[in-house]
Each structure stands twice: as C-alpha cells, then as structure tokens.
Amino acid sequence: TRTPVNVTVTGAAGQIGYALLFRIASGHLLGSDVPVNLRLLEIPQGLKAAEGTAMELDDCAFPLLRGIEITDDPNVAFAGANVALLVGARPRTAGMERGDLLSANGGIFKPQGKAINDNAADDIKVLVVGNPANTNALIAQAAAPDVPAERFTAMTRLDHNRALSQLAKKTGTTVSDIKRLTIWGNHSATQYPDIFHAEVSGKNAAEVVNDEQWLADTFIPTVAKRGAAIIEARGASSAASAANAAIDHVHTWVNGTAAGDWTSMGIVSDGSYGVPAGLISSFPVTTKDGAFEIVQGLDINEFSRARIDASVKELEEERDAVRALGLI
Ligand code: NAX
C-alpha cells in the first residue's frame with residue numbers, strides 16, 4: 001500500500017474549497033490508488049465551517065481519505081505537505097485600489113510562502129488559485145527561497161478549459177477533438193487564448209475557424225470575461241468549474257500530458273517567448289513524471305505577439321507594484 005500524500009487546501013471553508021475537497025478525497029486529484037491526508041487552512045472565522053465540511057467528508061466514508069486536520073496556523077497546515085492548493089485570498093471589494101488588493105494578498109501569500117519554505121515536504125507542488133493568482137504565486141515563491149521556483153504555479157487551467165469548450169462549440173466538435181490550445185499571460189482579462197497552434201480533429205484550428213473577427217471579437221473576450229458572465233448569471237463566482245480546473249492542473253502536473261498534446265499553466269518564466277524571466281506567466285507546457293517543460297519553437301504571429309505582450313506588461317506592472325510594497 002502507498003504512503004498517503006499530504007494535501008493542504010487553504011480557504012477550505014470557501015465555495016471553491018467545498019467543491020474541491022470531496023474530489024480530492026475521492027481520488028480525482030492524484031489517482032484512484034493514492035491515499036490522501038487533508039490539511040485545511042482557514043482564518044479563525046472560517047474554522048467552524050471547515051469543521052462542518054470535515055464532518056461531511058467523514059460521512060462520505062471515502063476509502064482513500066486517511067485523515068483530516070483543520071488549523072488556522074500555516075506552519076501546521078503545510079507541515080510535510082506534498083501538494084498545496086492556495087485557494088483562500090482577499091477578494092477585491094468596491095472602491096479597493098490595485099495597490100490595496102496586492103498588499104492585502106501579500107499579507108496572506110508572503111507568510112504562506114514562508115511556511116511552505118520552512119515546513120513542506122521536499123517534493124512540494126504548489127498551485128495558487130486565489131486571485132490575483134499569478135502575482136500571489138510570485139509573492140509566495142519569493143518568500144520560499146529554499147523551494148525550487150518551478151514548484152510554484154498559478155491556475156490558468158480554468159481559462160484553458162473555457163477556451164476548449166468555446167472552440168468545440170464553434171467548430172461543431174467535442175473538447176476531446178481539440179489539442180494544443182494555449183492560454184498565455186495573466187489569469188485576468190488580458191489573458192490570451194491562442195488557437196493558432198491548436199488542432200481540431202487533427203487540422204489547424206485557426207484554419208478550421210477561418211474567422212479572425214470571431215477570434216478577436218467573440219472568442220477571446222468570451223473566454224477572458226467568462227468569470228464575470230458566471231457571476232452575472234449565477235449570482236456567485238465560478239466554484240465547481242474552478243475546483244475542477246484545480247484538480248485538472250495538479251492531475252496533469254503529476255500524471256503527465258497526453259502524447260501530442262499540451263496544457264496551460266502559470267509558471268515561472270525562463271525567458272521563453274520574450275516573457276521576462278522570473279514572472280509567473282501562463283505558457284504551453286508538457287508534463288512528465290511530475291515535472292514540466294515549456295513547449296519550445298512555436299511561431300508567434302503578429303496577432304498573438306501583441307496580445308501576449310499586453311498581458312505580460314500587466315504582469316510586469318503587478319510585479320513592480322508588489323516589489324515597491326516590499327512583498328518580493
Ligand atoms: P470564498 O470567499 O468563497 O472563500 C475563500 C475562503 O478563503 C474563505 O473561507 C476565507 O475565510 C478563506 N481565507 C481568507 N484568507 C485566508 C487565509 N489567509 N488563510 C486561509 N484561508 C483564508 O472564495 P472562493 O469563491 O472559494 O474563491 C477563492 C479564490 O479563488 C478567490 O480569490 C477567487 O478570486 C479565486 N478564483 C480563481 C480562479 C482562477 O481561475 N485562478 C477562478 C475562480 C475564482 O474566482
């Protein structure tokens with residue numbers, strides 16, 4: 001029998017947490033043969049609700065769930081953690097400036113990064129979901145100098161999945177007919193979903209679509225503004241789809257991408273495709289044996305270049321702002 005994997009989830013009492021924990025405990029995160037210990041980190045006001053969720057987890061009698069620990073202390077939550085899903089964050093409230101948002105989140109992600117640095121297992125893999133995800137990941141990564149930088153990732157898989165679904169609808173295919181789609185840049189309205197290298201049933205997606213106006217005026221804004229459209233329709237932000245994307249992100253990271261395909265992950269740039277080294281930006285990546293590589297050698301046309309550059313510029317501005325605040 002395998003040793004249980006320690007999975008830490010922050011913001012466990014929130015709506016994404018509620019959609020996420022049951023799927024982790026039932027084996028969707030790591031595999032149907034991998035037992036897990038859950039560590040739930042909440043702020044003091046969230047502890048009681050987290051306990052309620054833990055009661056429900058118990059009541060599912062999941063064979064793979066070996067233990068649940070609930071705490072408001074990051075050092076306890078990340079002790080021996082193999083996988084950390086950083087979901088809890090400070091949302092933007094009315095009238096809040098970007099600087100206020102970044103500094104409030106710095107107050108969360110800097111100490112969590114340090115607690116990961118000091119307590120997590122050597123093979124720790126971190127996924128930041130809480131927004132602004134890329135820059136929160138950068139803050140946590142900078143606070144964890146003893147952890148390899150590539151272990152800190154930010155979630156753009158929900159954007160990737162949204163793009164798959166929109167492209168399948170447009171081309172009258174199913175998501176499993178589509179490969180090699182890419183989300184570039186920031187998980188924000190500037191993100192760039194790129195279909196120029198994607199394939200639909202083996203044919204180039206941009207050629208199949210053959211409609212640059214649809215791309216520019218419908219596809220890209222629909223994907224980039226999907227979060228707002230969900231809030232408008234549901235009266236609450238994406239939760240089950242966000243949890244699903246977090247599961248997909250970690251599952252792919254651990255278990256590998258399919259031959260001939262890739263995925264999108266926010267990762268520390270090595271300077272590829274003109275993205276300044278050190279920024280946490282979304283790239284096309286392949287994964288194997290728990291490691292990932294940026295897909296190299298893609299030809300970036302003018303249409304794509306302008307959009308990638310705009311999103312990367314936003315990431316640089318966020319980085320400069322958190323640097324000025326002393327958060328990195
Ligand atoms: P909720 O407000 O429902 O839950 C957040 C939870 O985090 C709360 O229970 C809160 O008590 C807890 N929390 C706050 N500070 C904490 C801290 N320092 N340590 C531990 N827990 C803490 O939000 P929810 O809808 O679950 O969304 C969570 C985050 O995901 C938000 O930042 C949201 O913007 C972000 N999202 C990111 C997405 C992505 O694609 N990267 C998509 C979905 C989602 O919008």
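The largest pocket of the predicted model has a volume of about 1,200 Å³, where a pocket is an open set of points on a 1 Å grid over the protein atoms alone at which a 1.4 Å probe fits, with protein on both sides within 12 Å along at least five of seven lines, and a volume is the space filled by probe spheres set on the points. Of the 39 residues that line this pocket, Val129, Gly130, Asn131, His187 and Ser237 are the closest to its centre; a lining residue has an atom within 4 Å of a point. Two or more lining residues come from each of helices H1, H4 (98–119), H6 (157–171), H9 (226–234) and H11 (302–324). By class, the lining comprises 16 nonpolar, 15 polar and eight charged residues, with Ala, Val, Leu, Ile, Met, Phe, Trp, Tyr, Cys and Pro counted as nonpolar, Asp, Glu, Lys and Arg as charged, and the others, Gly among them, as polar.

Residues are numbered from 1 along each chain as its sequence is written. In this predicted model, local features need pLDDT of at least 70 and side-chain atom pairs count only at pLDDT 80 or more, whereas totals for chains, interfaces and linings use all residues; side-chain values use heavy atoms, without hydrogens and water.

Helices (H or I, at least four residues) and strands (E, at least two) are DSSP runs numbered from the N terminus. Six of the six residues of strand S1 (residues 5–10) are buried, so S1 is largely enclosed by the rest of the structure; buried denotes under 20% relative accessible area with a 1.4 Å probe, protein chains only. Val5, Val7 and Val9 cover one side and Asn6, Thr8 and Thr10 the other, all of them buried. Strand S1 pairs in the parallel sense with strand S2 (residues 36–41) over six bridges, pairing requiring at least two DSSP bridges between the strands. Within this pairing, Thr8 has Arg39 of S2 as its bridge partner. Strand S1 also pairs in the parallel sense with strand S4 (residues 83–86), over four bridges, and Val9 is partnered there by Leu85.

A further open sheet contains three strands in the order S7-S10-S11, with antiparallel pairing. Strands S7 (178–179) and S11 (203–204) stand at the edges with a single partner strand each, so one side of each is left without a neighbour in the sheet. Strand S10 (residues 199–200) is joined to S11 by two bridges, and Val200 stands opposite Lys203.

Methods. Buried < 20%, exposed > 50% of the residue type's maximum accessible area, 1.4 Å probe, protein only.
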